[in-house]
Amino acid sequence: MRVLIIIVLTSLPIFLWAQGGWVNDGANIQVATGTDVRIESGGIGNLNNGTITNEGNIYLDLDWTQTGVTSNYTGMGWMWFEGNSNQNISSASPLVIPKLRVDNGNKLILNTPLSISYAVDLTNNGSIELGLNNLILNPGASFNNYDENNYIITNSTGYLQQEVSTGAIVFPVGNSTYNPATLNNLGTTDNFQISV
C-alpha cells in the first residue's frame, strides 16, 4: 500500500516523528532549517519521482530507498542513519547527499553509487560498506570522525574517490581491518580513487 504524504514544514524549529516508515509517493516534501524529522523503527521510500528537500535533519532507523528516474533528494541538511543494525541506501539513479552521518554502531551498506557534496561524519563506530558501488566526495567535501572503528569498507570493486592537491588527504579505508592511505599530490589537483 502506498501512502501519499505532503508536508511542508515551516521555519519554526519543530520535531516530527514517524513510526514504521515514511513513503513519498511523488510529492514534494520540504524539511525546513532547524527541523528534525525522526523515522523511528522505519525508513524512507522516496518513490515515483518524488522530491525531498532537506534543510534540517532526517534521522532514519532503517533504510533509504529511492525509485523513479527523477526522484530527487536535495537541500543542505543531514541525512542521519542511527538504527541499531546495518542499514541500506538504494536509488534507481545516482544519489547526491550534501551531508551524511552514520551513527548506528554498525554499517551503512551502499546499494547505489553515492556522491557527497559537503561532509561525511562517521560517529559511534559507524562505517560505510561500498560493495560494488563508489563513494565520491566532491571537491571540498570532508570526512569527520574516522578511525580504526569508523571507516570506509572497500570489500569489492567499489572505490572511495577524493580530490587531492598539495595538502595531505586521508582516505579512511579498509577491508576487514582499517588500512588508511594518505596522499599528497605535488602536481595538478586531481581526483584519486582507492579501494583495498
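These legends walk through several close-up views of a predicted model.

**View 1**
Start at strand S8, which covers residues 64-66 and holds glutamine 66. Is this residue buried or exposed? With a relative accessibility of 3%, glutamine 66 falls under the 20% limit, so it counts as buried. Look next at its side chain, which makes a polar contact of 3.5 Å with the side chain of serine 91. Residues up to four places away in sequence aside, glutamine 66 touches Asn46, Ser71, Asn72, Tyr73, Ser90, Ser91, Ala92 and Leu95.

**View 2. Serine 90 in strand S11.**
You can find serine 90 in strand S11, made of residues 87-91. Its relative accessible area is 21%, so serine 90 is described as partly exposed. How many residues separate serine 90 and threonine 65 in sequence? The answer is 25, while their C-alpha atoms are 4.8 Å apart in space. When residues up to four places away in sequence are not counted, serine 90 touches Trp64, Thr65, Gln66, Asn111 and Thr112. With asparagine 111 there is also a polar contact, of 3.3 Å, between the two side chains.

**View 3. An open sheet of three strands.**
Follow the strands in the order S3-S6-S9, and you trace an open sheet with parallel pairing. From one strand to the next, the twist averages 10°. Strand S6, residues 51-54, is joined to S9 by three bridges, and the two run parallel. To find your place along this pair, look for threonine 51, which stands opposite asparagine 72 in S9.

**View 4. Strand S7 between its partners.**
This view is about strand S7 and the strands that pair with it. Strand S4 (residues 36-40) pairs with S7 in the parallel sense, over four bridges. Which residue in S7 is the bridge partner of valine 37? It is isoleucine 58. S7 is also joined to S10 by four bridges, and these two strands run parallel. There, tyrosine 59 stands opposite tryptophan 80 in S10. Now compare the two faces of S7: Asn57 and Tyr59 lie on one side, Ile58 and Leu60 lie on the other, and all of them are buried, so to speak of either face is to speak of a covered one.

**View 5. Aromatic pairs.**
A pair of aromatic rings is described by the distance of the centres and the angle of the planes. How many aromatic pairs does a search of the whole structure find? There are four. In one of them, the ring centres of tyrosine 59 and tryptophan 80 are 4.7 Å apart and the planes are at 35°, so this pair is tilted. Tyrosine 59 belongs to strand S7 (residues 57-60) and tryptophan 80 to strand S10 (residues 78-81), so the pair ties together parts that are 21 residues apart in sequence. Both tyrosine 59 and tryptophan 80 are buried. Phenylalanine 143 and tyrosine 146 form an edge-to-face pair, with 6.3 Å centre to centre and 85° between the planes. Phenylalanine 143 counts as buried at 11% relative accessibility, whereas tyrosine 146, at 30%, counts as partly exposed.

**View 6. Isoleucine 97 and the nonpolar core.**
In soluble globular proteins, nonpolar side chains tend to be buried together. Here the largest nonpolar core has 36 residues. Which of them touch the most other members? They are Trp64, Ile89, Ile97, Leu100, Ile128, Leu135 and Ile152. Beyond its neighbours within four places in sequence, isoleucine 97 is in contact with Tyr73, Met79, Ile89, Leu114, Ser115, Ile116 and Ser117.

**View 7. Asparagine 149 in a loop.**
The last stop is the loop between strand S17 (142-144) and strand S18 (152-153), where asparagine 149 is found. Asparagine 149 has a relative accessible area of 40% and is partly exposed. Setting aside neighbours within four places in sequence, asparagine 149 is in contact with Asn125, Gly126 and Ser127. Tyrosine 178 is 29 residues from asparagine 149 in sequence, and their C-alpha atoms are 7.5 Å apart in space.

Notes. Residues are numbered from 1 along each chain as its sequence is written. This is a predicted model: local features need pLDDT of at least 70, side-chain atom pairs count only at pLDDT 80 or more; totals for chains, interfaces and linings use all residues. Side-chain values use heavy atoms; hydrogens and water are left out. Buried means under 20% relative accessible area, exposed over 50%, partly exposed in between (1.4 Å probe, protein chains only). A polar contact is a pair of N or O atoms within 3.5 Å; within protein, one must be able to donate a hydrogen and the other to accept it, and residues adjacent in sequence count only if both atoms are side-chain atoms. Contact means heavy atoms within 4.5 Å. Two strands pair if DSSP finds at least two bridges between them. Axes are lines fitted to C-alpha atoms, for helices over the stretch in contact, and angles run from 0 to 180 degrees between N-to-C directions. A nonpolar core is a set of buried Ala, Val, Leu, Ile, Met, Phe, Trp, Tyr and Cys residues joined through side-chain atoms within 4.5 Å. Rings of Phe, Tyr and Trp (its six-membered ring) pair if their centres lie within 6.5 Å; planes under 30 degrees apart count as stacked, over 60 as edge-to-face and the rest as tilted.
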